[in-house]
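Let's take a friendly walk through this chain, from its overall layout down to a few of its helices and strands. Please have your viewer ready.

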Amino acid sequence: TDASPSAGIAADLALAAADDNDWFGLLIDSNSAAEIAAAGAWALSNERIFGGLSVDTDNYTASDGVAYTLKSATNTNAYVWATRDSLGCGESGHMGRQFSRTPGSSTWAHKQISGATADSLTSSEFAAARANGAITYVNDGVVHTYDGWACSGRYLDITRGIAWLRSSIRTAVLIVLVNNEKIAFTNAGAALIDELQALLEQAD
């Protein structure tokens with residue numbers, strides 16, 4: 001057993017990214033509010049989407065819980081799956097489902113997640129979880145995710161779409177630079193960059 005002290009989840013994630021930076025979705029095997037908050041902050045700073053599973057009852061109290069902590073930080077890249085189901089891995093199932101879709105083609109709201117169990121929430125618990133910026137999994141006659149947002153309130157399909165567009169533009173610009181000896185400050189040179197317009201139209 002390794003008894004050495006942990007450097008902390010942010011340091012661990014930095015080391016992981018240094019070893020292999022070619023990934024976008026972040027999940028952790030911890031329900032700790034402190035670790036969820038730290039991982040969420042790291043995801044925001046490093047342009048990832050993070051999903052945290054929280055079984056903390058504080059999420060159902062107004063202005064409390066880890067979702068509210070991330071909401072207060074205006075975190076657009078982290079979502080908290082607030083639930084009493086600690087075994088269904090709802091946050092990972094949700095991310096896996098949405099990442100299998102083309103960016104921009106699907107919202108994260110009103111989705112059914114294999115393996116996850118819907119929570120029976122009182123109206124006040126449901127309202128508090130929403131106000132805190134959490135995602136819930138409920139049964140309104142049909143089981144589905146309620147709200148598809150990050151804790152900040154920005155919808156996750158927008159965050160993912162922006163990340164896709166940034167990455168696509170970077171790649172497209174690099175390809176133009178590599179495939180041309182020089183990009184002249186002429187109409188012909190501008191036309192090469194204007195090809196990026198197709199990406200903007202695709203993202204629209």
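The report below starts with the whole chain and then turns to single elements.

**Ground rules**

This is a predicted model, in which local features need pLDDT of at least 70 and side-chain atom pairs count only at pLDDT 80 or more, while totals for chains, interfaces and linings use all residues. Residues are numbered from 1 along each chain as its sequence is written, and side-chain values use heavy atoms, with hydrogens and water left out.

**The whole chain**

The chain holds eight helices and five strands. Here helices (H or I, at least four residues) and strands (E, at least two) are DSSP runs, numbered from the N terminus. Along the sequence they follow the pattern α-β-α-β-α-β-α-α-β-β-α-α-α. Taken along the principal axes, the C-alpha atoms fill a box of roughly 65 × 50 × 30 Å.

Of the 204 residues, 37% are buried; buried means under 20% relative accessible area, exposed over 50%, and partly exposed in between, with a 1.4 Å probe and protein chains only. The chain exposes about 11000 Å², and carbon and sulfur atoms supply 53% of that area. These areas come from the Shrake-Rupley method with a 1.4 Å probe, and for residues only the protein chains shown count as cover. Contact means heavy atoms within 4.5 Å. Among contacts with a separation of 6 or more, 64% join residues 24 or more positions apart.

**Helices and their buried sides**

| Helix | Buried residues |
|---|---|
| H1 | Ile9, Leu13, Ala17 |
| H2 | Ile36, Ala37, Ala39, Gly40, Trp42, Ala43 |
| H5 | Glu125, Ala128, Ala129 |

Seen down the axis of H1, its buried residues fall within an arc of 75°, so they line one face of the helix. The arc is that of the directions from the helix axis to the C-beta atoms. An α-helix has 3.6 residues a turn, so residues three or four places apart point the same way. Turned away from the buried side of H1 are the exposed residues Leu15, Ala18 and Asp19. The buried residues of H1 pack against S1 and H2.

H5 covers residues 123-131, and its buried residues fall within an arc of 100°, so they too line one face. Strand S4 (136-139) is included in what covers them. After H5 comes Gly133, with a positive phi near 95°.

Ser32 caps the N-terminal end of H2, with a side-chain oxygen 3.3 Å from the backbone nitrogen of Ala34. Glu47, which follows H2, has a positive phi near 55°. The buried residues of H2 pack against H1 (9-19), S1, S2 (49-54), H3 (65-72) and S3 (78-82).

Leu26 is found in S1 (residues 25-27) and counts as buried because its relative accessibility is 5%. Leaving aside neighbours within four places in sequence, its contacts include Leu13, Ala39, Trp42 and Met95. The C-alpha atoms of Leu26 and Leu53, 27 residues apart along the chain, are separated by 12 Å.

Thr136 is found in S4, where a relative accessibility of 1% makes Thr136 buried. Not counting residues up to four places away in sequence, Thr136 touches Ala82, Leu121, Phe126, Ala129, His144, Thr145 and Tyr146.

Terms used. Polar contact = N/O pair within 3.5 Å; in protein donor to acceptor, adjacent residues only side chain to side chain.
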